[in-house]
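User: Can you walk me through this one? I have some quick questions.
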Protein chains: 2
Amino acid sequence: MRYRVGLETRSRIMEATRDLVAEAGLEGTTIKAICDRAGILAGSFYNLFASKEEAILAVVGEAIREVEPDPSQPSEVAALVHAYVDFVETQEAAARVYLMVAVTGGLTDPDIRDRMLRHHAARAERFADALARRRPDLSSEAMRSRVEALLAALNGLAFHRLLDPTFDLRGHALGLLEIGAR
Amino acid sequence: MRYRVGLETRSRIMEATRDLVAEAGLEGTTIKAICDRAGILAGSFYNLFASKEEAILAVVGEAIREVEPDPSQPSEVAALVHAYVDFVETQEAAARVYLMVAVTGGLTDPDIRDRMLRHHAARAERFADALARRRPDLSSEAMRSRVEALLAALNGLAFHRLLDPTFDLRGHALGLLEIGAR
DNA sequence: TCGAATCTTGAGTGTTCATTCTAATTTCAA
DNA sequence: TTGAAATTAGAATGAACACTCAAGATTCGA
């Protein structure tokens, strides 16, 4: 059971963590820097998070929850693509943190890798459902292939956009639909 | 002017660095671990590399040079795709290091970011030339769009393959050609 | 209002790590 | 063979950093 002030501190910590990791990377971000930006001291940090890793994973968890709009109701493929582009464009810091953890963590830590693969599988499922409505003619093999290609391309394009802010992510992402999801 | 033993030590260091970073990540890899695996002591490391970062960038440079086959003569799109898949499959450690540096470094260090964007531009050029021969009908805009989509998708698929060794990278990569480069 | 739970402070701890330095050894061109 | 340059060993250094702790302050339900 947390007090209100504790919850506020917690969200200030997460905000500071997200922005700092987005700028300086996972290891470039120190507890001291997080605390300075959140306006607290180390003891308060450890009152709310067990470790730096836990704070970063909390940020990633939040990003994962925000990248998918309304998981309850079905969507069009184009709507899913737009939602993803919106996420990258408007929550750039969260997108950067997600990407860094997915790559560094995914390639070195089995737990994070499994988490990323599960997230990917859920996303693929969602896209497959949407695509099935638009292209009922495709075999499940062809569907799988299209979805993997589309998700991989979206991720690759998003990475390019994060490297180069002038890159037209939305244009290229919508181009994918023209090329592959006629 | 280096002596033969120095050059041999240098390549042992690079090999150790590549494999360790592939396993443990950029910051998980220590100078001591590199030296242990290379069978040397710290003094020798610093006789040949100015810093840990320099050794890692040397590994990345080597990977960049190996990912492109014969930059002199022109290639078919399919050949370029095969070459990329071959690189990821046979030089998995190098591919992992490249990816980690591209993401963590690219998103936090301006020099590395520029280097990655230049590498991408050169690759895109290469793919565009190959695609132009197969599809002379496409406008230069459509060409650009196809190439960006193809490269992004290849990168995304490669990342997935590195996360999940059972993922059929070559199958999906060739699927891209069927979908988009008819 | 009371007081148990929660929160904050801020100094402190211990470790890990990249990097340096010096002296001894080895290489290899002339 | 010689000796200047390159290589190596290995201990030492110093900084950075994640994390702990005890004591006081604050919160808020009962």
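What follows is a short chat about the chains and the DNA strands.

Analyst: Ground rules before we start. This is a predicted model, where local features need pLDDT of at least 70, side-chain atom pairs count only at pLDDT 80 or more, and totals for chains, interfaces and linings use all residues. Residues are numbered from 1 along each chain as its sequence is written, while chains are lettered from A and ligands numbered from 1 in the order in which they are written.

User: How many helices and strands does chain A have?

Analyst: Chain A has 9 helices and 0 strands. Helices (H or I, at least four residues) and strands (E, at least two) are DSSP runs, numbered from the N terminus.

User: And what box do its C-alpha atoms fill?

Analyst: Roughly 60 × 40 × 30 Å for chain A, along the principal axes.

User: What percentage of chain A is buried?

Analyst: Of its 182 residues, 40% are buried. Buried means 20 or more other C-beta atoms within 10 Å of the residue's own; exposed means 12 or fewer, and partly exposed lies in between, with C-beta atoms placed from the backbone.

User: On to DNA. Which residues are closest to DNA strand D?

Analyst: A:Arg4, A:Gly43, B:Gly6, B:Gly43 and B:Asn47 are the closest of the 23 residues that surround DNA strand D. A residue is near a strand if its C-beta atom, placed from the backbone, lies within 6 Å of it.

User: Which helix gives the most there?

Analyst: α3(B), with 4 residues of the surface near DNA strand D. Helices that each supply at least two residues there include α1 (4-24), α2 (31-38) and α3 (42-48) of chain A.

User: How do the residues of that surface divide?

Analyst: Into 11 nonpolar, 8 polar and 4 charged near DNA strand D. Ala, Val, Leu, Ile, Met, Phe, Trp, Tyr, Cys and Pro count as nonpolar, Asp, Glu, Lys and Arg as charged, and the others, Gly among them, as polar.

User: Which residues come nearest to DNA strand C?

Analyst: A:Gly6, A:Gly43, A:Asn47, B:Arg4 and B:Thr30, out of 23 residues around DNA strand C. The largest share of that surface, 4 residues, comes from α3(A).

User: What rotation superposes the copies?

Analyst: A rotation of 180° with 0.0 Å of shift along its axis puts chain B on chain A, at RMSD 0.0 Å. That is the relation of a two-fold axis.

User: Which residue of chain B comes closest to the rotation axis?

Analyst: B:Ala153, with its C-alpha at 1.8 Å.

User: Why say the copies meet through the same surface?

Analyst: Because 97% of the interface residues of chain B are also interface residues in chain A.

User: Last topic, α9(A). Which residues are buried?

Analyst: In α9(A), A:Leu169, A:His172, A:Ala173, A:Gly175, A:Leu176, A:Ile179 and A:Gly180 are buried. They cover an arc of only 150° around the axis, so they lie on the same side of α9(A). The arc is that of the directions from the helix axis to the C-beta atoms.

User: What's exposed on the other side?

Analyst: A:Gly171 and A:Glu178 are exposed on the other side of α9(A).

User: And what covers the buried residues?

Analyst: The cover of α9(A) includes α5 (77-90) and α8 (140-163) of chain A, together with α8 and α9 of chain B.

Notes. Least-squares fit on C-alpha atoms with pLDDT ≥ 70 in both. Contact = placed C-beta atoms within 7 Å.
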